[in-house]
Amino acid sequence: MIPDNLNGAQKRAVEKTDGPVMILAGAGSGKTRTLVAKVSYLLDVLEVSPYKILAVTFSNKAAREMRDRVGANCNLSPGALQITTFHSFCANILRSEARHLGLSRNFTIYDDSESKSVVKVILNKRGINLKELPPSHVLHFISDLKNRGYYEGTPSDEFDEDKQDELFGLFLEYESELHRSNAVDFGGLITAVIQLFEKFPEVRQRYEDRYQYIMVDEYQDTNRAQFELVRILSEKKQNICVVGDEDQSIYSWRGADIRNILDFEKVFPHAEIIKLEQNYRSSKTIIEAATQVISKNLQRKGKSMWTDNIDGDAIDVIECHNDKVEGEFLAKEIKKLKEDGESYDDMAIFYRSNAQSRIIEDSLLKGGIPYRVVAGIKFYERKEVKDLLAYIRVVVNSKDSLALSRIVNVPTRGIGATTLRKIEGEAIRMGCSLWEIVEKISQFPEDFSHIKLSARIKSSFQAFESLVNEVKLGEQNGIAPSAGYDKLLIESGYLQSLKASRDYESLARIENLQELFSAIRQYEESSTSPTLSGFLETITLDTSRDEEENPAGQVALMTVHSSKGLEFPYAFITGAEENVFPSYQSLESDSETAIEEERRLFYVAMTRAMKKLYITFAQGRMVFGNLRFNGPSRFIEEIPKNFYKWVRKGARRTDASSCYDNDEDFNQDTGPSEVNYHDVQINIGNPVKRQSASYQKGQKVTHSLYGEGVVWTTEGFGSEEKVTIKFPGGVLKKFMVKFAPLS
DNA sequence: ACTGTTCGATTTTTT
DNA sequence: ATCGAACAGT
């Protein structure tokens, strides 16, 4: 049955299971609830097999949430449900069908930075100066093509113009380089599946027959290729249900194509459109103000949001003298709310760009307000982490020449640029991969006398080769991935080289490698047949690690983009100035489309607030080292006057820059002045046996890197014991006791 | 192979 | 202001 906590439109959305449907779900309209109800309805009432249902979203977080909720509803193990991201879905298909496309199933997935490296290598090879032709520019061309669904041999003539572009040759070379490396990039995951379906009708039919009900969440974020993919899959049954909100489309710069929404009915002429317009989240004031702002956009289907909620407080628009005063206002106001009994984790501060967070953090720090910065965790982008992952990739997919050349001389083993150039030459000459050359050199060094390798280099190759092969063998024989990682870390000498340079940074790097170790352990526990290659897949397609952080009493700081999908009773939109929000880039481009996207961003930000919305802006702000006077954002002016109250904070009219003159607090050295470089206990592979938790809540500890802190939470015991420590300024860090240099 | 220096760019970042 | 990448010098 359909849960009776759904409203009319939501019920309709649930019941309309056959034929194409587009659900336009405004902010806070109970979209997830409806989707979960719909999948549950298919399963429980229509008794559709979970095997036949496919639901795709964009983020792993969203997929997980939906999977768990449906699983709980219908008493199914979450694993039985095909609720997944576009990219995982495609990666899985490609692993099964890899042979059709001349890939092998252990192919590597390249992320954006690796794609960029490939581009750089190609440009270098062609002797093109990176300044004349920035790699980012080339990469943009390539990913744009892929986002629009192009693959080699696309039948459509839509790409004729692109093929004339001088960059097209680079695209082709890029593609063949990836293919040689047995690698696929993010965009390629999607287009390769489309290609697979186009070229092999029998494969296509298998999947088409299987997925009888297809749902797409966050539809406004789909690009052309993703749309094409679900169109193909649903072509026969036409049971496609897309859910999205054109007003929250904020990823066009990533290839999201709002036309997927605007033109849905053109592709599916009999589509039913259902609008979810009742908002359950925000006060009437907020909803009406936001509705007014977004109504200025022309690129929309048009919904009119309404709510039964109370009117609530007026929006506060705070005019601050400068960005510093803005920060101080935030701290002061948050403190006041706290004193009134509100909780810190009910408050969030949004900014347009990450650069703005620093000054806000400063004020919160000074005000003693605990906060957390919600940001794309860059853990997997760390050099040392990428290095070790590259080792793993060479083990998993030895054709991955990018990974190989990254680590063949890390740590230094005498295989420098010159040697690398030589073996690259050999690889080209013999038409094989770098790894095959490495293997051949190790086995038959005499065959390579013509490239004059010293004895030392030869033995380096041999050591490297046997390490990789031993781990590979271990992987095939079901040795735990973490053990393989251990071996790589230790026998490559990587860990040793870090330990040898006992400086501040190496210490942190070692910790990160320990963190990577626990990530592998975590993965092992969650998987039935863990492998290194499975681990790689998890982390390339799911970067959301570390996001579990306990929001215990912290104000959340984030970009407007990362706020999408979240809600907070109290929300602060900061930097509401021309050239900041909307950003100067979107103004420069002078295109109405760009401004509309900024407006959608502003709309997203406004609709995060439940009870009270603050919008702050500064008269003067430091931008790229210069003081700028931008004036209030046009979006403020688009809010009807009756919805807000204008307040001035330290806003003077003269001598605008004086506030920057005596900045006594800015240059304090906050880092620990002395670091105790005692030997870090490394026990990877030989867990320390401790039977009980050795740390307690509230205990004071000293971390040799971060200084003094207080134990915030503890979990596990013995070698699995983990502690979260709170350092001054509300910074929370989690450590594994057996690794962390704590005293 | 490591280190310092200059130069330049610089929104957003689900995968 | 600040960070990183590219380059030059040791």
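1. Are Phe-89 and Tyr-211 buried or exposed? Both residues are buried. This holds for a predicted model, as do the points below.

2. Phe-89 and Tyr-211 make an edge-to-face aromatic pair, with 5.6 Å centre to centre and 70° between the planes. Phe-89 belongs to helix α4 (residues 86-97), while Tyr-211 sits in the loop between α10 (201-210) and β6, so the pair ties together parts that are 122 residues apart in sequence.

3. Tyr-644 and Trp-646 form a tilted pair, at 6.2 Å centre to centre and 50° between the planes. Tyr-644 has 13% relative accessibility and counts as buried because the limit is under 20%. Trp-646, with a relative accessible area of 38%, is partly exposed.

4. The whole structure holds 24 aromatic pairs. Ring pairs also join Tyr-150, Phe-159, Phe-168 and Phe-171 into a cluster.

5. Six strands build an open sheet in the order β3-β2-β6-β7-β1-β8, and the pairing is parallel. The edges are β3 (82-85) and β8 (272-276); each has a single partner strand, so one side of each is left without a neighbour in the sheet. From one strand to the next, the twist averages 15°.

6. Within the sheet, β2 (residues 53-57) and β6 (residues 213-216) pair in the parallel sense over four bridges. Leu-54 is opposite Ile-214 in β6.

7. Two helices that pack on the sheet deserve a mention. Helix α2 (residues 31-44) touches β1 (21-25), β2, β6, β7 (240-244) and β8, and its direction makes about 170° with that of β6. Helix α3 (residues 60-74) touches β2 and β3, at about 165° to the direction of β3.

8. Around DNA strand C are Lys-120, Leu-130, Arg-358 and Phe-624. These divide into two nonpolar, no polar and two charged residues.

Note on methods. Residues numbered from 1 in each chain as written. Chains lettered and ligands numbered in written order. Predicted model: local features only at pLDDT ≥ 70, side-chain atom pairs only at ≥ 80, totals over all residues. Heavy atoms only, no water. Pairing = 2+ DSSP bridges. Axes fitted to C-alpha atoms, helices over the stretch in contact; angles between N-to-C directions. Contact = heavy atoms within 4.5 Å. Near = heavy atom within 4 Å. Nonpolar A, V, L, I, M, F, W, Y, C, P; charged D, E, K, R; others polar. Phe/Tyr/Trp six-rings, centres within 6.5 Å; stacked < 30°, edge-to-face > 60°. Buried < 20%, exposed > 50% of the residue type's maximum accessible area, 1.4 Å probe, protein only.
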